[in-house]
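This briefing goes through the aromatic pairs, some individual strand residues and the surroundings of the ligand. Please read it alongside the sequence and the structure shown here.

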Amino acid sequence: LPEYAFIGRSNVGKSSLINMLTERKSLAKISGRPGKTQLINHFKINGNWFLVDLPGYGYARVSKKNKKTFQKYITDYFVKRTQLVSAFVLVDIRHTPQKIDLEFMEYLGENRIPFSIVFTKADKLNAKTIEKNVAVYLKELLLGAWEEAPRHFITSSSKNIGRDELLSYIDLINQQFYKENQ
Ligand code: GDP
């Protein structure tokens with residue numbers, strides 16, 4: 001089944017977002033294969049796609065060794081990624097662009113992995129500040145090697161914002177995926 005991977009720095013709100021997206025959806029959680037660690041979780045949604053929950057990167061309070069292990073899981077996933085259609089990189093809408101996120105997006109770009117940005121915790125800011133922060137973020141990206149800004153979504157898991165938009169988008173690219181792979 002086609003996969004859509006969700007990733008971001010720890011504490012960005014990934015678990016909350018995944019809960020929001022999977023709520024009320026016919027879903028089955030399929031955790032890592034037996035014998036493997038449970039760092040990467042797969043959620044089957046509507047019977048036709050997998051939401052892949054990747055470990056958060058940039059943990060502040062874990063050892064270097066653990067950090068390496070997480071990174072290895074993440075890069076291994078992306079290297080093997082036979083079913084991956086698109087990644088969703090989560091960033092906290094309150095923060096200025098962080099080096100680790102920009103570097104990660106660069107990595108995706110270099111490896112030709114399509115991705116969108118999901119801004120989280122939008123309930124914490126007013127509309128004007130959201131608009132400003134998004135503009136700053138996209139501008140920063142366009143100053144890098146990007147010709148075109150990636151698609152972005154503004155979400156809040158606590159206020160249930162952005163859920164339908166994100167799910168409709170995934171549905172749409174999923175339909176395209178099935179058409180192309182008939
Ligand atoms: P993860 O480490 O990326 O999985 O992040 P979590 O989903 O565990 O969230 C980290 C913290 O941010 C928790 O305290 C959440 O309650 C909070 N949080 C997550 N999403 C939102 C949101 O949309 N709005 C607000 N206000 N807080 C959020």
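In this predicted model, ring pairs join Tyr57, Tyr77, Phe78, Phe104 and Tyr107 into a cluster. The structure as a whole holds 13 aromatic pairs, and two of them, both involving phenylalanine 88, are described below.

**Aromatic pairs around phenylalanine 88**

- Phenylalanine 6 and phenylalanine 88 form a stacked pair, with 4.8 Å from centre to centre and 15° between the planes.
- Because phenylalanine 6 lies in strand S1 (residues 3-8) and phenylalanine 88 in strand S5 (residues 84-92), this pair ties together parts that are 82 residues apart in sequence.
- Both phenylalanine 6 and phenylalanine 88 are buried, and for phenylalanine 88 the relative accessibility is 0%, which is why it counts as buried.
- Phenylalanine 88 also pairs with phenylalanine 153, this time in a tilted arrangement, with 6.3 Å between the centres and 55° between the planes.

**Serine 116 in strand S6**

- Serine 116 is part of strand S6, which covers residues 115-120, and with a relative accessibility of 1% it counts as buried.
- Apart from residues up to four places away in sequence, serine 116 touches Ala87, Phe88, Val89, Arg151, Phe153 and Tyr169, so that its contacts include both members of the tilted pair, phenylalanine 88 and phenylalanine 153.

**Isoleucine 154 in strand S7**

- Isoleucine 154 is found in strand S7 and is partly exposed, with a relative accessible area of 29%.
- The C-alpha atoms of isoleucine 154 and phenylalanine 119 are separated by 4.9 Å, although the two residues are 35 residues apart along the chain.
- Once neighbours within four places in sequence are set aside, isoleucine 154 is in contact with Phe119, Ala122, Ile130, Val134, Ile161 and Gly162.

**Valine 85 in strand S5**

- Valine 85 has its place in strand S5 and counts as buried because its relative accessibility is 17%, where the cut-off for buried is under 20%.
- From C-alpha to C-alpha, valine 85 and phenylalanine 115 are 8.8 Å apart in space, and they are 30 residues apart in sequence.
- Leaving aside neighbours within four places in sequence, the contacts of valine 85 are Pro2, Glu3, Tyr4, Pro114 and Phe177.

**The ligand and its surroundings**

- The ligand is surrounded by 13 residues, of which the closest are Lys14, Ser15, Ser16, Asp123 and Ser157.
- By residue class, the shell around the ligand divides into one nonpolar, eight polar and four charged residues.
- A polar side-chain atom of aspartate 123 lies 2.6 Å from a nitrogen atom of the ligand, while a backbone N or O atom of serine 157 lies 2.8 Å from an oxygen atom of the ligand.
- Valine 12 likewise places a backbone N or O atom 3.2 Å from an oxygen atom of the ligand.
- Taken alone, the ligand exposes 580 Å², and the protein buries 68% of that area.

How values were computed. Residues are numbered from 1 along each chain as its sequence is written. This is a predicted model: local features need pLDDT of at least 70, side-chain atom pairs count only at pLDDT 80 or more; totals for chains, interfaces and linings use all residues. Side-chain values use heavy atoms; hydrogens and water are left out. Helices (H or I, at least four residues) and strands (E, at least two) are DSSP runs, numbered from the N terminus. Buried means under 20% relative accessible area, exposed over 50%, partly exposed in between (1.4 Å probe, protein chains only). Contact means heavy atoms within 4.5 Å. A residue is near a molecule or strand if one of its heavy atoms lies within 4 Å of it. A polar contact is a pair of N or O atoms within 3.5 Å; within protein, one must be able to donate a hydrogen and the other to accept it, and residues adjacent in sequence count only if both atoms are side-chain atoms. Accessible areas come from the Shrake-Rupley method with a 1.4 Å probe; for residues, only the protein chains shown count as cover. Ala, Val, Leu, Ile, Met, Phe, Trp, Tyr, Cys and Pro count as nonpolar, Asp, Glu, Lys and Arg as charged, and the others, Gly among them, as polar. Rings of Phe, Tyr and Trp (its six-membered ring) pair if their centres lie within 6.5 Å; planes under 30 degrees apart count as stacked, over 60 as edge-to-face and the rest as tilted.
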